[in-house]
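Here is a short briefing on charged side chains.

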Amino acid sequence: MSDLFTPFKIGPVELRNRTIRSAAFEGMCPGNSPSQSLFDYHTAVARGGIGMTTVAYAAVCRSGLSFERQLWMREEIVPELRKLTDAIHSEGAKASIQLGHCGNMSHRKICGCTPFGASNGFNLYSPTFVHGMTRSEIKEVTVAYGNAVRLAIASGFDAVEIHAGHGYLISQFLSPYTNHRKDEYGGSLENRMRFMKECMKEVMEAAAGKVAVFVKINTRDGFKGGLEVDDCITVARELQKCGADALVLSGGFVSRAPMYVMRGEFPVYPIIHYMPLKQWWLKLGVLLGGKIVSPTVPFKRLYFLEDALKFRKALPDMPLVYVGGVTCRKDADKVIDSGFEMLQMGRAVLEDTDFVNKMKADETHCSRCEHSNFCIGRMYSLEMACHKTCKDITPFLIRSVQKTNRRNNRREKKLGYL
């Protein structure tokens, strides 16, 4: 039996195996509340053999919302979240929830205020101007992290995942690309980590050993002028000092290098197809400039492994979770054999919620996901769904997915990734 399918204890929780459904945004929370589709999806993933499934991106307060169909942690949704965690537990899996704040990647009509971040600027993706956080806003948000953890505990979650990567708020403070402050929260990396440490203080006090605390971080920001590996290792060591139980090793900056996070082509046609007609001007912008602003980063299996291994060497005593391009049993075994305690998967368990059970039954099993990123394009307006199971897909979108897959195959063969 592979170590992949052995139990693992992290903090106060023991997983039945080393697999975790990553916090890939589902878009299944209209009105910022859990829906039946969110319940059905995570219950199916739990039934499919996963060790723990992670409910994606729950904003710690309203100002942290970046999408209309996103969770917002508040008392009134606790009963529905409790139903979800109970159902996950009944299938033998554990339940985690990702907690975060989007910072400058929002719009007033979604977050209820002028968006803010580490510094003043302009958010091209909304688009809107944003302002640097005041000290009172910093305090308000750090306290909100602790309150969100308490709500997660009340909702029956076994773990929380604090999002400190991908260019969201904590990441915006960490990165010199977005942090131009002149006070004690800017300048040196030590100063830029101050906001993260204040958030973690609130998180750890609220967790109080009742839930495992995971933190998602970047191995690098993925572009010139952002954090590089050595900087991110320094961040990781600081999080270990803060008391985090495990680190999830990801990478990229959604507002600057989105395809470094996800790999493959930017899904232009799915985005503009599902985007509301009233946003015709944004549709036109995506059509004309989407692939310029978000250039292709070729997909390859285990695409973060090279950088993640540097963290494994630098933090020998810290539990680490690998994420990025796990597509088959062979890849999963390689990750665990490389010294990572756990691994996360997103698109593989969206394409097939039984993926983990099938890997356990067949050492040669591989995901059928072709990484066209249709699911990501649909996610911006509706719930995330694989094109193979999406009932409202049109013939034009099917052809666009097929063309994307052919281009991906040619590109990956040329680079020797296949």
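A residue counts as exposed when its relative accessible area is over 50%, and as buried when that area is under 20%. Glu76 has 61% relative accessibility, so Glu76 counts as exposed. The model is predicted. The structure holds 23 salt bridges.

**Salt-bridge pairs**

- Side chains of opposite charge can pair when their charged atoms come close.
- Glu76 pairs with Arg74 in a salt bridge, and their closest N and O atoms lie 3.5 Å apart.
- Asp352 and Lys358 form a salt bridge through their side chains, at 2.8 Å from N to O.
- Asp352 is buried, because its relative accessibility is 10%.
- Lys358 has a relative accessible area of 37%, so Lys358 is partly exposed.

**A salt-bridge network**

- Salt bridges link Arg135, Arg181, Asp183 and Glu184 in a network.
- Within this group, the side chains of Arg181 and Asp183 meet at 2.8 Å, N to O.
- Arg181 is buried, because its relative accessible area is 13%.

- Arg410 sits in helix H17, which covers residues 395–414.
- Is Arg410 buried or exposed? Arg410 is exposed, because its relative accessibility is 54% and the cut-off for exposed is over 50%.

Key:
Residues are numbered from 1 along each chain as its sequence is written. This is a predicted model: local features need pLDDT of at least 70, side-chain atom pairs count only at pLDDT 80 or more; totals for chains, interfaces and linings use all residues. Side-chain values use heavy atoms; hydrogens and water are left out. Helices (H or I, at least four residues) and strands (E, at least two) are DSSP runs, numbered from the N terminus. Buried means under 20% relative accessible area, exposed over 50%, partly exposed in between (1.4 Å probe, protein chains only). A salt bridge is a side-chain nitrogen of Lys or Arg within 4 Å of a carboxyl oxygen of Asp or Glu.
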